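Please read these notes with the model open beside you. They cover charged pairs and then the ligand site.

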Amino acid sequence: MRIDIISVLPELLQGPFQHSILKRAQQKGLLEVQVHDLRAYGIGKHKQVDDYQFGGGAGMVMMIEPLLNCINDLRQEHRYDEIIYMTPDGERLNQPIANRLSMQENLLIICGHYKGIDERLREHVITREISIGDYVLSGGELAAAVLVDAVGRLLPGVLNDETSALFDSFQDKLLAPPVYTRPADFEGWEVPDILLSGNTAAIEEWRYDMALKRTRERRPDLLEDEE
Ligand code: 6GU
């Protein structure tokens, strides 16, 4: 999969993909992430990318031209399956959305700033709008990093143990069960006996019961909208 990201703060996106799982995904050639500086497409000698909003009011709006010129340059090189705008009024990101996006080949992600982008881009160019939750960030970069991480780790071959994504929280509408590692007894804090029993069937059943219990206690909404 290839992911292009357009941003006015490309520095913010330098770190997140250079470690751990996403770093390995790129080294293995399973994922390519390219960040593009919108400023390079800015207008005039000040490389302007935003302007006052029509109708008045505080806050700048990202202009059509720099963004569209950047998008069109990228489109010459790649056929995008989705052009995604990161915005707090978008569809709230969840595991099914990440799963579906992970099956695409080319994604283009636009990071919003200020009051957002000119509405006409949303009408005519953007194919999908995604939020990462009900709170406001100062820009779309951190949200884009969250999306790329959630999607990138699902690409076939990225995770060491191919089955492990299947048991993530949310993948089956259940939160993950508790986990333990050595020592089995830390100053009287003990690991549940069953996990030391070697009885894999019983362990699997315990894990399922705990996942269900945890979900009922913490996120009953996940069980309610089960159809
Ligand atoms: Cl995608 N962008 C911004 N600026 N804030 C957010 C968000 C996105 N998702 C949640 N809050």
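1. Glu 91 and Arg 128 form a salt bridge through their side chains, at 3.4 Å from N to O. A salt bridge here is a side-chain nitrogen of Lys or Arg within 4 Å of a carboxyl oxygen of Asp or Glu. Glu 91 lies in strand β5 and Arg 128 in strand β7, so the bridge ties together parts 37 residues apart in sequence. Strands are DSSP runs (E, at least two residues), numbered from the N terminus.

2. This is a predicted model: local features need pLDDT of at least 70, side-chain atom pairs count only at pLDDT 80 or more, and totals for chains, interfaces and linings use all residues. Residues are numbered from 1 along each chain as its sequence is written, and side-chain values use heavy atoms, with hydrogens and water left out.

3. Is Arg 128 buried or partly exposed? Arg 128 is buried, at 14% relative accessibility, while Glu 91 is partly exposed at 40%. Buried means under 20% relative accessible area, exposed over 50%, and partly exposed in between (1.4 Å probe, protein chains only).

4. Arg 2 and Glu 32 also form a salt bridge, with their closest N and O atoms 3.2 Å apart. Arg 2 is in strand β1 and Glu 32 in strand β2, 30 residues apart. Arg 2 is buried at 15%; Glu 32 is partly exposed at 37%.

5. At the ligand, a nitrogen atom lies 2.6 Å from a polar backbone atom of Tyr 135.

Conventions
A polar contact is a pair of N or O atoms within 3.5 Å; within protein, one must be able to donate a hydrogen and the other to accept it, and residues adjacent in sequence count only if both atoms are side-chain atoms. Helices (H or I, at least four residues) and strands (E, at least two) are DSSP runs, numbered from the N terminus.
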